[in-house]
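Subject: Structure for your review

Dear colleague,

I am passing on the structure we spoke about, and I would be grateful if you could look through it alongside the notes in this email.

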Amino acid sequence: MSSNSFTWNGRQIAFRTGETIAAALSAADVQDFGPDLLGQSGRFFCGIGACQGCLVRVDGRVRESCLAPARAGLTITSAGGSHV
């Protein structure tokens, strides 16, 4: 496990310093961010937080993954998933 990694639905995801969560997930070939709060499939789309398509739960709080910086030790799950 890299010192720069977080947990995504039980999987360790490495990231580079300064990356957002969405960028790190995309780099790890995670395209489907799981169900959002309405049960729709989440994904990285606009990259500026406007579309809300990349909502995830970061340590239990819903955040736009395209705006949230990746940090070591975070636990991240789908926004509407049952992994909480």
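Predicted model: local features only at pLDDT ≥ 70, side-chain atom pairs only at ≥ 80, totals over all residues.

Residues are numbered from 1 along each chain as its sequence is written, and side-chain values use heavy atoms, with hydrogens and water left out.

To begin with the cysteines, the structure holds 0 disulfides, a disulfide being a pair of cysteine sulfur atoms within 2.5 Å. C46 is in no disulfide, and the nearest cysteine sulfur, which belongs to C51, is 3.7 Å away. C54 is likewise in no disulfide, its nearest cysteine sulfur being that of C66, at 3.7 Å. C54 counts as buried because its relative accessibility is 2%, whereas C46, at 30%, counts as partly exposed; here buried means under 20% relative accessible area, exposed over 50%, and partly exposed in between, with a 1.4 Å probe and protein chains only.

A search of the whole structure finds 2 aromatic pairs. One of them is formed by F6 and F15, which are stacked, with 5.9 Å from centre to centre and 25 degrees between the planes; rings of Phe, Tyr and Trp (its six-membered ring) pair if their centres lie within 6.5 Å, and planes under 30 degrees apart count as stacked, over 60 as edge-to-face and the rest as tilted. Both F6 and F15 are buried.

Turning to the strands (DSSP runs of E, at least two residues, numbered from the N terminus), β5 (residues 55–58) pairs with β6 (residues 61–64) in the antiparallel sense over 4 bridges, where pairing requires that DSSP finds at least two bridges between two strands. L55 has E64 in β6 as its bridge partner. The hairpin of these strands has 2 residues between them, and D59 takes a positive phi near 50 degrees there.

On the surface, L38 sits in the loop between β3 (34–35) and β4 (41–42), and it counts as exposed because its relative accessibility is 75%. By contrast, A68, in the loop between β6 and β7 (75–78), is buried, with a relative accessible area of 1%. The C-alpha atom of A68 is 8.0 Å from that of A22, although the two residues are 46 residues apart along the chain.
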